[in-house]
Amino acid sequence: FDNLVTKLVDLTAAPESILAEINADLYIMSDVFENGAVAKGAASYTMKALKSGARVWTFAQSDRAQREIYLKELEKLGAKKYGPVAWEMNDLSSDNISDEMLLLFDLDEVNVSYG
């Protein structure tokens, strides 16, 4: 990577200024479903990032109850034009990562390999 930045973000705050400050090509979020407000905020950030031309990858385990709120909010905001609004078991180890702007990864924490 030429430029890799990590940043803690308040997902319940307005996304415009933070996304402009970061200005990334790819946003990665993991387990951003602490409660309904955070899930909706994550959806708002996702849409702002997608509309700016960035890709968004979101990772979540199936036992995260609030992740369905995130999906419903994405659908309400029109995310379907950027990719499937559904959790999928995508294989990041392959060279066949989808060209979709939005990828939602369904994680199986029981079978995760940590290296």
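Q: Which residue in strand 3 is the bridge partner of Ala-60?
A: The bridge partner of Ala-60 is Asp-106 in strand 3. This is a predicted model, in which local features need pLDDT of at least 70, side-chain atom pairs count only at pLDDT 80 or more, and totals for chains, interfaces and linings use all residues. Residues are numbered from 1 along each chain as its sequence is written, and side-chain values use heavy atoms, with hydrogens and water left out.

Q: What is the order of the strands in the open sheet?
A: Strands of a sheet pair through backbone hydrogen bonds, either parallel or antiparallel. Here the open sheet of 3 strands has the order 1-2-3, with parallel pairing. Strands are DSSP runs (E, at least two residues), as helices are (H or I, at least four), numbered from the N terminus; two strands pair if DSSP finds at least two bridges between them. Strand 1 (26–30) and strand 3 (102–107) each have a single partner strand, so one side of each lacks a neighbour in the sheet.

Q: How many bridges join strand 2 to strand 3?
A: There are 6 bridges between these parallel strands. Strand 1 and strand 2 (residues 55–61) pair over 5 bridges, and Ile-28 stands opposite Trp-57 in strand 2.

Q: Which residues does Leu-74 touch?
A: Contact means heavy atoms within 4.5 Å. Not counting residues up to four places away in sequence, Leu-74 touches several residues, including Ala-43, Leu-102 and Leu-104.
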